[in-house]
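Hi,

Here is the structure I promised to pass on.

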Amino acid sequence: MAKETKYIFVVGGVISGVGKGITASSLGLILKNRGLKVSAIKIDPYINVDAGTMNPTEHGEVFVLNDGDETDQDMGNYERFLDIDLTRINYMTTGRVYQSVINKERNLEYKGRCVEVVPDIPLEVINRIKIATEKSDADVMIVEIGGTVGEYQNILFLEAARMMKIKNPKDVFFIMVSYMPTPSKIGEMKTKPTQYAVRTLNSSGIQPDMLIARADTVLDQKRKEKISLICNIPHDRVISAPDVSSVYDIPLNFEEEKLSDQLCELIGVTCKPEDKKAWSAWKKFAKHAHNGKEVVNIAIVGKYFETGDYMLSDSYLSVIEAIKYSAYALDRKPVISWLNSVDFEKNPQKLKDLKNYDGVVVPGGFGSRGVEGKLKVVEYARKNKIPYFGLCYGMQMMVIEYARNVLGLKDANTKEVNPNSKNIVIDVMESQKENLKNNSYGGSMRLGGYKAMLTPKSLASMAYGKKEVVERHRHRYEVNPNYIKDLEEAGLVFSGRSPDGSLMEIAELPKSEHPFFLGTQFHPEFLARPLNPHPLFSAFVKACVGKK
Ligand code: GLN
């Protein structure tokens, strides 16, 4: 390799879900701000080859990359914080690693020798890390190992990291992001679980170089010293990361402690002075989370919220972030409410509550549960001129609702919900029929970046200020071409189409009819970036604000 890339492995201690991905993204951002080229890899230790086959309430949002890979939401965090586009090689799962080892074995690439879990699995992990590094030409590659130390699942990934360290001790570093609970009955922050976590990591032959202490509050001096002494980490490399109200403050908080200096020293690179312009832009952006005076109230109507007795907003993470960026740019404080589409089926009276919101988003979805509720919401938003933004399934709902209530095709539906309907206005794409017939569901949707051509003077083209765009997709169904003419004659405008004109990418009503009634077959939320809000989200939020 021409360049001596530095590898920072980020591992979790004690419990997951304490923001390891956000922490790692923030570390990346502060290094980027010191002139280093930073890229990231996410490792998920499950057997699934990708995140695409998992229910969002199991694993949060499925984040789609430009090349169509269906990945973990942390990939979205890296793309957003670092403002980079990642590719398939930046994401790996146990399933993916085993799959390629087994394929290589079947192709005789191991030249007849016995292929073993150790070292062949870790070697494949290392191989993937190297390819990703070469492709990104990064000075610093952040490798986040999912889960927490001590799980069986991630041992082979830790083994790969250990092997990399022994070969290149000056280039490989470990940061543990660990959780310090403060049990309410005790009222005191406890470091013991973290001590155990570090010991467990030690038993894999790895010593963390730095420890980031996630906790409700700031880690005090006494605990810092204790962790330093017992966990064998220099005192100034035990970093406090208390809860914050906005994740975009985290890099700023880190830099208050001059963490980038320490990181550069740790990894042995001389870095440039901070990029003042970029940093002040981030500061300005992050401030918006706290000082937007006027509120914009947006309802997200979906169904992937509940897990046991808890509500989970992770399923729509990119949608939420995209709304935030556009609201911040308009100096508004977004207040997002979760409405369960199923509730509108049980209780149609609830529709009136929609008047309390400045706008409604129906995000992506699958299957029949909650669909009738979503359709009622779309109808209500259309008739009451409440700004409406439909993302993928939300666009398909728009088309079904229009077919039912404007074209008068009462049983209009998507084949996904009712294959026996006489009016299948949303049909399986031709290219998908074979996949469904063969039960071939994994990674087989129409995925990733595809071009859409925009109709001049439409809402969409005015918002983008462009004639064509590339947006990320994840769908199997499409507007049935047989109904396009009728829908258009009834007033629905298809303002975005695939280059050959066959696939409807955007549907909208003209501004004279409705302040904002627009849906996309693609997922614009995946392209929204903190300092570069998505034009369609911005047009939607503008319409929401204008409604007041
Ligand atoms: N279920 C729909 C389809 O497959 C929509 C998918 C989505 O919303 N991502 O076409």
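Val295 has Lys333 in β13 as its bridge partner. That bridge belongs to a parallel pairing: strand β10 (residues 294-302) runs alongside strand β13 (residues 332-340) over 9 bridges. β10 also pairs in the parallel sense with strand β14 (residues 359-362), here over 3 bridges, and Ala299 sits opposite Val360 in β14. Strands count as paired if DSSP finds at least two bridges between them; strands (E, at least two residues) and helices (H or I, at least four) are DSSP runs numbered from the N terminus.

A quick word on the source: this is a predicted model, where local features need pLDDT of at least 70, side-chain atom pairs count only at pLDDT 80 or more, and totals for chains, interfaces and linings use all residues. Residues are numbered from 1 along each chain as its sequence is written, and side-chain values use heavy atoms, with hydrogens and water left out.

Now for the ligand. Which residues surround it? Among them are Phe366, Gln396, Glu416, Tyr477 and His523, where near means a heavy atom within 4 Å. The shell divides into 4 nonpolar, 5 polar and 3 charged residues (Ala, Val, Leu, Ile, Met, Phe, Trp, Tyr, Cys and Pro are nonpolar, Asp, Glu, Lys and Arg charged, the others, Gly among them, polar).

There are polar contacts too (N or O atoms paired within 3.5 Å). A polar side-chain atom of Gln396 lies 3.0 Å from a ligand oxygen atom, and a polar side-chain atom of His523 is 3.0 Å from a ligand nitrogen atom.

Cheers

How values were computed:
Polar contact = N/O pair within 3.5 Å; in protein donor to acceptor, adjacent residues only side chain to side chain.
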